[in-house]
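I opened this model to look up a few side-chain and helix-packing details. The entries follow in the order in which I made them.

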Amino acid sequence: MEFLLGGVAAVLANVVCNPLDVVKIRMQLQGELLARGEYKVHYKNVFHAFYAIGKADGVLALQRGLVSSSAHQFILNATRLGAFHFAEVRGWTTDETGMRTSLPKSVLVSSVAGGIGAIAGSPFDLVKTQMQSYSNSNIAVGHQHRHLGMVSTFRQIYWEHGLKGLWRGANSTVPRMAVASAAQLTSFDIFKRHLNQTKLLSDEVKINSLVSSVLSSVVTVIVKTPFDIVSTRIYNQGVDARGRGLLYSGVVNCFVKIIKTEGFFGLYKGGSAAYLRLGPHIVLSLVLRDWLRPSL
């Protein structure tokens, strides 16, 4: 049931947040491997990006990749949230007293859970990234993949690169989700336990869950964003006939190239969109999971 709750909560959150994901992807790809001033800025900020996409691609483009994105969120979060709860109820994330969260244990458990979820959902993440980046040539950024839908995209990738091609870029999403899960689940657990035990803000568990999820979202976005932009770039890059990336050979190579050409803050490109997308999604998925649990 915990696996199902984690997946359902994430899908519900994703329907609301998917337009922000489209905007985030576009802003992360803008000016790829170019210094500031060397490229045309199609998306000046989050709100301008919404306007530009709606005008050039149509309003429905803001929900591009929704099916593959929702499938990815279900698989990813059903796995990592379910696995973390499985460990949590068995005391694998707490100290000897069982009352306090053990930071090393919680980080280890959540990282492993996130990594497993990332591997399981990677093919859907690959497809949704490529679909969300595709746009009218007037506002195009990054490599453009002309995909018509999720099923046809899976078929095309499989025909061209085999089963291995469906997991291309998984090496970038595993560290991303391991880091994100460690930050999100550990910080949420610490904040929630502290608020519930001290009654600092409220006696209501639901209110404490809401506040904890907001605080957790801030921690998660700060830690995750550099890994997120690297994963986006690797997933979206073009490949040669053998399925090898045309721009990046791997995660470390991508980090180095971004810092060299775009500067350190290139790793936080689209940071505002990242928080507006990830923040609400983290809050909704964690709160919905906690709120749904007593009724099932």
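I started with Tyr 268 and looked up its accessibility. The model is a predicted one, and in it Tyr 268 has a relative accessibility of 30%. Buried would need a value under 20% and exposed one over 50%, so Tyr 268 counts as partly exposed.

A tilted pair falls between the 30 degrees under which planes count as stacked and the 60 degrees over which they count as edge-to-face. Through ring pairs, Phe 264, Phe 265 and Tyr 268 are linked into a cluster.

I also checked how accessible the two phenylalanines are. Phe 264 has 49% relative accessibility and is therefore partly exposed. Phe 265 has a relative accessible area of 67%, so I noted Phe 265 as exposed.

I looked at Arg 90 and found its charged end over the ring of Phe 86. The distance to the centre of that ring is 3.6 Å.

How many disulfides does the model have? I counted zero. I looked up two cysteines for their accessibility. Cys 17 is buried at a relative accessible area of 1%, and Cys 254 is buried at 0%.

H4 covers residues 103-133 and H5 covers residues 150-166. I read an angle of about 125° between H4 and H5, with the axes 11 Å apart. Angles from 65 to 115 would count as roughly perpendicular and those over 145 as roughly antiparallel, so H4 and H5 are oblique to each other. Their crossing is right-handed.

I repeated this for H4 and H6. These two helices pack at about 140°, and their axes are 6 Å apart. H4 is therefore oblique to H6 as well. I noted a right-handed crossing where H4 passes H6.

Asn 136 has 28% relative accessibility and so counts as partly exposed. Asn 136 and Phe 265 are 129 residues apart in sequence, and their C-alpha atoms are 27 Å apart in space.

Which way does phi point at Leu 33, positive or negative? I found a positive phi of about 55° at Leu 33, which is not a glycine. Leu 33 is in the loop between helix H1 (2-29) and helix H2 (46-57).

I noted a positive phi of about 55° at Lys 199 too, again at a residue that is not a glycine. Lys 199 is in the loop that runs between helix H6 (170-198) and helix H7 (205-236). With a relative accessibility of 44%, Lys 199 counts as partly exposed.

Technical notes. Residues are numbered from 1 along each chain as its sequence is written. This is a predicted model: local features need pLDDT of at least 70, side-chain atom pairs count only at pLDDT 80 or more; totals for chains, interfaces and linings use all residues. Side-chain values use heavy atoms; hydrogens and water are left out. A disulfide is a pair of cysteine sulfur atoms within 2.5 Å. Buried means under 20% relative accessible area, exposed over 50%, partly exposed in between (1.4 Å probe, protein chains only). Rings of Phe, Tyr and Trp (its six-membered ring) pair if their centres lie within 6.5 Å; planes under 30 degrees apart count as stacked, over 60 as edge-to-face and the rest as tilted. A charge sits over a ring if NZ of Lys or CZ of Arg is within 6 Å of the ring centre and within 35 degrees of the ring normal. Axes are lines fitted to C-alpha atoms, for helices over the stretch in contact, and angles run from 0 to 180 degrees between N-to-C directions. Helices (H or I, at least four residues) and strands (E, at least two) are DSSP runs, numbered from the N terminus. Angles under 35 degrees count as roughly parallel, over 145 as roughly antiparallel, 65 to 115 as roughly perpendicular and the rest as oblique. A crossing is left-handed if the near helix is turned anticlockwise from the far one by less than a right angle, and right-handed if clockwise.
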